Amino acid sequence: MLNIGPRNLHPPVLLAPLAGITDLPFRTLVSRFGAGLVVSEMVASQEMVQSKPGVREKAELGFEAADTSVQLAGREAHWMAEAARQVEGNGAKVIDINMGCPAKKVTSASGSGASGSALMKDLDHALSLIEAVVGAVSVPVTLKTRLGWDDTNLNAPQLARRAEGAGVRMITIHGRTRCQFYKGYADWAAIRAVKDAVSIPVIANGDITGTPTARDALMKSGADGVMIGRGAQGRPWLLAQVAHELHGTPAPQIPEGGDLTRLVQDHYDAMLSFYGSDLGIRVARKHLGWYMDGRDTPQALRKRILTERDPANVNRLLEDAMSAPERTAA
């Protein structure tokens, strides 16, 4: 059992926040199969509070589920606290603070300091944000970060220790530095220094794509659980599958044939309903592509699906695309 404050997260297999991916339709689908926690896309705190188009809507939809955490990013304590109060009021059961995003548009933000993983360069400022969020809400607050800014500044253990002292209930560590972005391989063994530094749960993240990598990450890091991100793209059942194989939870029914077709069609329809037809068609393409990545879908059919603008035609074409045989490793 994995506890964060009064909340129990079981199984200890969590869905990572992924920009443009872990929206309400995808989180709902992953939750149906089974996950200890699903985390929203990163929400910009100041932009949400100031009602910037699209940001507020993203922060107000879909956080009432018991297994949902909303991730906030920002660089000013006032806006972080205000955003935390709002998303708690909208139903978030857990609030996660982003101090790991490596994107240049996040880390090089102007004003009173950058956000995301840039906060690892100034732990005093990072702690001021953590204290503001913890002090603003009654739900558990967690933190997601990296090993450090670069190889000369691997200060995740210090940040974790101070975050625990400020009231953070769980730490997730992506096993890379910010300067690595997503290159090379996640260093799960380096996460052990964070685990040794704190008494709260530590979650390992990065390059976990199935049960073998999850098991290896847990062994090398000593972490209490794993967080899976890109590995779940096109495989919303993956977290439940890993949880079954590692922790003995009920095995998910991995869809095949007509069941897989209906799952993909239902996911597609849910995105159209959530975003509206015009935007939903565009947003859905990446998900449809990931589903087809797992099949030997003919290239001509794949292209037709990803360029078609009539939802009825897309659903019809998906019947052929998902009936293609499962792709085998080269």
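1. A quick definition to start: on a 1 Å grid over the protein atoms alone, a pocket is an open set of points where a 1.4 Å probe fits, with protein on both sides within 12 Å along at least five of seven lines, and lining residues have an atom within 4 Å of a point. Please keep in mind that this is a predicted model, in which local features need pLDDT of at least 70 and side-chain atom pairs count only at pLDDT 80 or more, while totals for linings use all residues. Residues are numbered from 1 along each chain as its sequence is written.

2. The largest pocket is lined by 44 residues, with Ala-19, Met-42, Gln-71, Asn-98 and Cys-101 nearest its centre. Its lining comprises 20 nonpolar, 14 polar and ten charged residues (nonpolar: Ala, Val, Leu, Ile, Met, Phe, Trp, Tyr, Cys and Pro; charged: Asp, Glu, Lys and Arg; polar: the others, Gly among them).

3. Now for the cysteines: Cys-101, one of the residues nearest the centre of the largest pocket, counts as buried at 15% relative accessibility, whereas Cys-179 counts as partly exposed at 39%. Here buried means under 20% relative accessible area, exposed over 50%, and partly exposed in between, with a 1.4 Å probe and protein chains only.

4. A search of the whole structure finds zero disulfides.

Conventions. Heavy atoms only, no water. Disulfide = S-S within 2.5 Å.
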